[in-house]
Amino acid sequence: MILQKNQIITAFIEDMNALGHGVSRIEGFVVFVRGGVTGDELKIKMIKVLKNYAIAIIEEIISPSPYRIKHPCAVSTACGGCAFSHIDYQYEKELKQKFVQAEFTKAGLSYMVVHPVISGSSCEGYRNKVQLPLTSDYRFGYYAPKSHRIVPCADGCRLHPAIFDQIAQTVCTFAKEHQISVYDEATGLGLLRHLYVRIGKETGEIMVCLVINGTSLPHQEQLVSQLLAEYHDIQTILLNINQKNTNVILGAQNKILYGSGHITDRLCGNLFEISPHSFYQINHDTAELLYQKALQLAEIEKADKAADLYCGIGTIAITAAKSAPNTQIIGVEIVPDAIENAKKNAKRNHIDNVSFYQGDANDPRIADCQVIIVDPPRKGLSEALIQTLHKNAPDKIVYISCAPDTLARDCRRLFDAGYHACEVFPFDMFPRTGHVECVVLLSKVKEKLD
């Protein structure tokens with residue numbers, strides 16, 4: 001059968017991918033069906049037919065999959081943020097375990113044991129941070145997949161606390177009443193770009209940050225007064241200055257309109273200061289489980305010196321230092337604001353066996369560390385750092401990653417440098433999305449499975 005655009009056929013969904021699309025094979029030809037679920041029998045319509053695959057949409061569900069559930073969000077299909085909002089959560093975790101296994105197999109490491117996905121307390125309301133673009137008619141929402149077209153989300157998003165939507169609505173209403181212009185990416189004109197809100201899961205403290213294409217916001221004192229009157233948990237309000245024609249959300253400069261410019265949250269029993277530019281895991285409860293596993297694997301208390309690379313505000317380093325008071329720990333992070341947070345956090349928690357340094361992860365101070373913990377961005381480790389780890393030969397490397405593909409790639413590279421691993425522990429840091437976090441222990445001595 002030769003498939004054609006707009007053709008309508010019956011298909012059975014055999015599998016799913018990380019985008020939440022069903023996978024069907026029509027006489028051996030792969031068709032990705034938006035919204036399809038493993039086990040569905042569907043009537044589908046081809047919307048794009050390429051040389052090696054086709055993309056289709058659902059015209060009719062003939063027989064639904066046992067994994068299919070009702071969409072809890074009216075705009076989830078258009079938004080694309082919840083790739084798995086239409087499937088049973090247990091099946092979602094099984095899919096993610098399979099996705100991780102596939103990446104390691106692709107890297108030539110098929111013998112690696114990928115454990116079942118571990119998750120925190122809830123798959124809804126877990127996000128402690130949101131960055132919302134605004135429309136020209138003063139609505140907030142999310143970008144549609146692979147675009148900068150904003151999908152308004154008037155009824156709110158189930159992945160973050162409801163108060164985020166309430167604050168966003170207040171800001172949008174205020175901006176409309178005072179005719180504060182909204183930024184237009186096409187022209188580079190307009191003032192109000194994004195609304196950025198953060199909350200401490202344990203403390204309840206809220207940060208509101210208005211990203212603007214300017215240096216001040218009209219009626220800003222009035223807006224501050226209104227936000228503080230309506231939302232008593234707001235601890236700080238800031239303007240973030242971003243006057244560049246860029247897709248990057250935050251600019252380099254912050255102006256404090258109210259409060260200290262940061263909030264605090266308690267994680268793994270320690271209190272952490274968080275500023276706008278600082279990295280902080282978006283899912284508090286799952287982050288605690290992830291860090292506990294990472295430190296269990298690291299056994300830092302058996303080392304004289306250890307390092308936490310890409311340390312952010314010091315969450316892992318400080319937690320490790322507290323559990324291993326006789327071990328000297330260093331943290332390295334390239335973002336200056338995060339390092340300042342980290343230093344304050346060490347003092348705040350009365351930790352004196354940890355030191356923090358601003359700079360590239362490939363820092364000469366890690367030369368004599370027996371244990372290295374890395375938690376890099378999605379692109380993974382640089383070749384320079386891989387070579388440094390090879391040269392320094394620490395006893396253990398604990399690798400935390402939000403990207404299974406680059407994790408598997410880097411494990412392959414570290415194996416070539418004499419390291420060994422046999423287990424992958426996935427954590428569902430981002431329920432209802434296609435993302436999954438993992439931790440792997442690499443050591444100079446081949447570990448045995450329990």
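Trainee: Why does Asp 285 count as buried?

Mentor: In this predicted model, the relative accessibility of Asp 285 is 17%. The term buried applies under 20%, so Asp 285 qualifies.

Trainee: What makes the contact between Asp 285 and Lys 201 a salt bridge?

Mentor: The N to O separation between the side chains of Asp 285 and Lys 201 is 2.8 Å. A salt bridge requires a Lys or Arg side-chain nitrogen within 4 Å of a carboxyl oxygen of Asp or Glu, so this contact meets the condition. Asp 285 belongs to helix 5 (residues 284-298), whereas Lys 201 sits in the loop between strand 11 (192-199) and strand 12 (206-212), so the bridge ties together parts 84 residues apart in sequence.

Trainee: Is Lys 201 buried, exposed or partly exposed, and how do you know?

Mentor: The value for Lys 201 is 46% relative accessibility. Exposed would need over 50% and buried under 20%, so a value in between is called partly exposed, and that is the term for Lys 201.

Trainee: How many salt bridges does the structure hold?

Mentor: The structure holds 21 salt bridges. One of them joins Lys 302 to Glu 299, with the closest N and O atoms 3.2 Å apart, which is within the 4 Å limit. Lys 302 has a relative accessible area of 65% and is therefore exposed, while Glu 299, at 28%, is partly exposed.

Trainee: What separates Asp 410 and Arg 413 along helix 9?

Mentor: Asp 410 and Arg 413 are three residues apart in helix 9 (residues 404-416), which means a separation of about one helical turn. Their closest N and O atoms are 2.6 Å apart, and the two residues form a salt bridge. Both Asp 410 and Arg 413 are buried. Elsewhere, a network of salt bridges links Glu 92, Lys 96, Asp 428 and Arg 432.

Trainee: Why is the pair of Tyr 67 and Tyr 91 called stacked?

Mentor: Two values decide the matter. The ring centres of Tyr 67 and Tyr 91 are 3.8 Å apart, and a pair needs centres within 6.5 Å. Their planes lie at 5 degrees, and planes under 30 degrees apart count as stacked, so the term applies. The structure holds three aromatic pairs.

Trainee: Where in the chain do Tyr 67 and Tyr 91 lie?

Mentor: Tyr 67 is in the loop between strand 6 (53-63) and helix 1 (76-79), and Tyr 91 is in helix 2 (residues 89-106), so the pair links distant parts of the chain, 24 residues apart. Tyr 67 is partly exposed because its relative accessibility is 31%; Tyr 91 is buried because its value is 7%.

Trainee: What makes the phi of Glu 27 worth a remark?

Mentor: Most residues other than glycine have a negative phi. Glu 27 is not a glycine, yet its phi is positive, at about 50 degrees. Glu 27 lies in the loop between strand 3 (21-26) and strand 4, and its relative accessibility of 62% makes it exposed. Tyr 138 also has a positive phi, near 65 degrees. Tyr 138 is found in the loop between strand 8 (129-133) and strand 9 (141-143), and is buried, with a relative accessible area of 15%.

Trainee: Which residues gather in a patch of positive charge on the surface?

Mentor: The patch consists of Lys 5, Arg 34, Lys 48 and Lys 146. Patch residues need over 30% relative accessible area, and Arg 34, at 44%, passes that cut-off. Arg 34 is located in strand 4 (residues 29-34).

Terms used
Residues numbered from 1 in each chain as written. Predicted model: local features only at pLDDT ≥ 70, side-chain atom pairs only at ≥ 80, totals over all residues. Heavy atoms only, no water. Patch = residues over 30% accessible without salt bridge, like charges linked within 9 Å, V, L, I, M, F, W, Y side chains within 5 Å. Areas by Shrake-Rupley, 256 points an atom, 1.4 Å probe, with all protein chains shown as cover. Lys, Arg positive; Asp, Glu negative; His and termini not counted. Charge placed at Lys NZ, Arg CZ, Asp CG, Glu CD. Helix = DSSP H or I, 4+ residues; strand = E, 2+ residues; numbered from the N terminus. Buried < 20%, exposed > 50% of the residue type's maximum accessible area, 1.4 Å probe, protein only. Phe/Tyr/Trp six-rings, centres within 6.5 Å; stacked < 30°, edge-to-face > 60°.
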